[in-house]
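User: Hi! Could you walk me through this model?
Analyst: Happy to, let's have a look together.

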Amino acid sequence: IIYAFEKLSYNYNLKLLIVGDGPDKQRLQKLSNNKNIIFTGVISDIEKIPYFFKEFVYIFNKKRRFDY
C-alpha cells in the first residue's frame, strides 16, 4: 500500500493515514519518505469517527481464520 500510494501521490494531492500499532510500524515508517503518509499509532474508536466521514477509501487489515 505504501509503495502504491507513493506512486499515486506524485500525480494527485493525496494523504494516507495509517492507524494502529504493531511490530511492523517502525519498518513501515522507514519505507516511506513521503510527508503525506501519517502514522497515528493507536487511537480510540471515538477518535476514528471523524476520519470515516472525511476519507473515501478504507483498508482494514484483520487476520481472520475462516473454517468451512
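Analyst: One term before we start: contact means heavy atoms within 4.5 Å. Leaving aside neighbours within four places in sequence, S9 is in contact with L14 and N34.

User: Great. What should I know about the model itself?
Analyst: This is a predicted model, where local features need pLDDT of at least 70, side-chain atom pairs count only at pLDDT 80 or more, and totals for chains, interfaces and linings use all residues. Residues are numbered from 1 along each chain as its sequence is written, and side-chain values use heavy atoms, with hydrogens and water left out.

User: Is S9 buried or exposed?
Analyst: S9 counts as buried, because its relative accessibility is 14% and buried means under 20% relative accessible area, with exposed over 50% and partly exposed in between (1.4 Å probe, protein chains only). S9 is found in helix α1.

User: What's the secondary structure of the protein chain overall?
Analyst: It comes to three helices and two strands, and the pattern along the sequence is α-β-α-β-α. Helices (H or I, at least four residues) and strands (E, at least two) are DSSP runs, numbered from the N terminus.

User: How much of the protein chain counts as buried?
Analyst: Of its 68 residues, 18% count as buried.

User: Which residues make up the largest nonpolar core?
Analyst: Five residues: I2, F5, L16, I37 and F39. Helix α1 (2-9) and strand β2 (37-41) each supply at least two residues of this core. A nonpolar core here is a set of buried Ala, Val, Leu, Ile, Met, Phe, Trp, Tyr and Cys residues joined through side-chain atoms within 4.5 Å.

User: Switching topic: how many salt bridges does the structure hold?
Analyst: Two, where a salt bridge is a side-chain nitrogen of Lys or Arg within 4 Å of a carboxyl oxygen of Asp or Glu. The side chains of D24 and R27 meet in one, at 3.7 Å, N to O. D45 forms a salt bridge with K48, with the closest N and O atoms 3.4 Å apart.

User: Where do D45 and K48 lie?
Analyst: Both lie in helix α3, three residues apart, about one turn of the helix. D45 is exposed at 60% relative accessible area, while K48 is partly exposed at 27%.

User: Last one: which residues form the nonpolar patch on the surface?
Analyst: I46, I49, F52 and F53, with about 470 Å² of accessible area together. Patches are made of residues with over 30% relative accessible area and no salt bridge: like charges are joined within 9 Å, nonpolar side chains (Val, Leu, Ile, Met, Phe, Trp, Tyr) within 5 Å. Accessible areas come from the Shrake-Rupley method with a 1.4 Å probe; for residues, only the protein chains shown count as cover. F53 lies in helix α3 (residues 45-54) and is exposed, with a relative accessible area of 71%.
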